Amino acid sequence: MSDQILDVIIIGGGLAGLSAAAALSPLRSTLVLESESALGYHSSGRSAAMFEAHYGPGPVQVLTQASEAHHRSNGYLSPRGMMLVAGPDQAEEFAADCVSLSLTEIPVEQAVQMVPVLNPAAVGFAAYHDTAEDLDADRLLQDFAKVTRSHGGAIRTDAQVTALQYAAADGMWQVDITTGSGAARSTETLRCRSVVNAAGAWADEIAALANIAPIGLQPKRRSMARLPAPGGHDVTTWPMIMGVGECWYAKPDAGKLLVSPADADPVAPHDAYADDMVLAEGLARYEEMVSEPVTRVEHNWAGLRSFVSDGVPVMGPDPDQPSFVWCAGQGGYGVQSSPAAGRLIAALMTGAAPEIDAATLAALSPARLRGA
């Protein structure tokens, strides 16, 4: 057992954990534990990475908008825009999406000028706004890690948490970890005053290790395919394109086109991969709106977006054990909201005044899921 007592151990080396570490490390001795060999291996590294201030439930929008200054001042954002397209028989769904996403209807002819592969015979309605932006998620994650280390925080990869035990007598957590593999496999015991559960799809499993009641987290798979630029077009300036009801979306990426079926199939926590049939169905929905067929998929993958019952993230001390702090259930909003989310976790753990309003705090609190 290590003799060092840390203030905070953060379990999870994705954007959730690292944003909290960057905010906490100037104030508390902090260690991040990541079970994989690389940071951001799961959801953080497999996101389409957009900044869309009006995307998600109200509390998510509050966090996202509070994160904008951080993204903008660090140069993580670049112009993209968002376009919604719908068939002639989808007027009602189209109108609802325009309201929820703050989009303005544009003529179909204008949409085709912007995205030449759209099929004017299939697109009955189109809408657009220019406020959606690309977000450099990898640089964001790496910068959070740099900030953490610059303040003396430590980050360990290949560190699997195998046991968590709280001792009421001294108010300390004992955290057992396993590192290495094969003959080099070893175990170690760490001690800390607080634990932050930022384990993504595995957050309820970490809670079970700590004898903490679960929050009902449900991971949902989201698949993605990378296609060659359709018809040889330069896709650089194309907006992100979405079908009504978010039944598919497409986004330019490094001269290629990413297309997702926007699937949200419930799955157990695992190293996700795309389901071939789900991907094919999503590509077919995309093809219905364009004039260039999909002839080749260069690469495909999947990530896990995890939700609780009300679709709102879970952030803050557990009501039954305040030294166990949740930072989970970000769904598809974790990348864009991470700076404010990390600052919120730090504020709640250090007694500082949160920058967000009381109603949003209550909506994010794990207490809401316990009837407390």
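Asp134 is in contact with Ala49, Met50, Tyr76, Leu77, Ser78, Arg80 and Lys251, leaving aside its neighbours within four places in sequence. Contact here means heavy atoms within 4.5 Å. This is a predicted model, in which local features need pLDDT of at least 70 and side-chain atom pairs count only at pLDDT 80 or more, while totals for chains, interfaces and linings use all residues. Residues are numbered from 1 along each chain as its sequence is written, and side-chain values use heavy atoms, with hydrogens and water left out.

**Asp134 and its strand**

- Asp134 sits in strand β8, residues 133–135. Helices (H or I, at least four residues) and strands (E, at least two) are DSSP runs, numbered from the N terminus.
- Asp134 has a relative accessible area of 12%, so it is buried. Buried means under 20% relative accessible area, exposed over 50%, and partly exposed in between (1.4 Å probe, protein chains only).
- The side chains of Asp134 and Lys251 are joined by a polar contact of 3.2 Å. A polar contact is a pair of N or O atoms within 3.5 Å; within protein, one must be able to donate a hydrogen and the other to accept it, and residues adjacent in sequence count only if both atoms are side-chain atoms.

- Two packed helices are described by the angle between their axes and the distance between the axes.
- Axes are lines fitted to C-alpha atoms, for helices over the stretch in contact, and angles run from 0 to 180 degrees between N-to-C directions.
- Angles under 35 degrees count as roughly parallel, over 145 as roughly antiparallel, 65 to 115 as roughly perpendicular, and the rest as oblique.
- A crossing is left-handed if the near helix is turned anticlockwise from the far one by less than a right angle, and right-handed if clockwise.
- Take α5 (residues 137–150) and α8 (residues 334–350): their axes come within 11 Å and cross at roughly 25°. The two helices are therefore roughly parallel to each other. Ala137, Leu140 and Phe144 of α5 make the contact with Val335, Ser338 and Pro339 of α8. The crossing of α5 and α8 is left-handed.
- Helix α1 (residues 15–24) packs on α5 at an angle of about 40°, and their axes are 8 Å apart. That makes α1 and α5 oblique to each other. Their crossing is left-handed. From α1, Leu15, Leu18, Ser19, Ala21 and Ala22 meet Ala137, Leu140, Leu141, Phe144, Ala145, Val147 and Thr148 in α5.
- The axes of α1 and α8 come within 8 Å and cross at roughly 50°. These two are therefore oblique as well. The crossing of α1 and α8 is right-handed. Residues of α1 that meet α8 include Leu15, Ser19 and Ala20. Among their partners in α8 are Val335, Ser338 and Gly342.

- Gly243 belongs to strand β14, residues 240–243. Its relative accessibility is 1%, so Gly243 counts as buried.
- Gly243 is in contact with Leu84, Val85 and Trp248, leaving aside neighbours within four places in sequence.
- The C-alpha atoms of Gly243 and Phe94 are separated by 8.9 Å, yet the residues are 149 apart along the chain.
- Ser306 lies in strand β18, residues 299–307. With a relative accessible area of 7%, Ser306 is buried.
- Not counting residues up to four places away in sequence, Ser306 touches Gly200, Ala201, Leu217, Gln218, Pro219, Gly329, Gln330 and Gly331.

**Positive phi in loops**

- Most residues other than glycine have a negative phi.
- Asn211 is not a glycine, but has a positive phi of about 60°. Asn211 lies in the loop between α6 (203–209) and β13 (218–227). Its relative accessible area is 73%, so Asn211 is exposed.
- Glu246 has a positive phi too, near 45°. Glu246 is found in the loop between β14 and β15 (249–253). At 21% relative accessibility, Glu246 is partly exposed.

**Cysteines**

- How many disulfides does the structure hold? The structure holds 0. A disulfide is a pair of cysteine sulfur atoms within 2.5 Å.
- The closest cysteine sulfur to that of Cys98 is in Cys247, 14 Å away, which is too far for a bond. Cys98 is buried, at 11% relative accessibility.
- For Cys327, the closest cysteine sulfur is in Cys192, at 16 Å, again too far for a bond. Cys327 is buried, at 1% relative accessibility.
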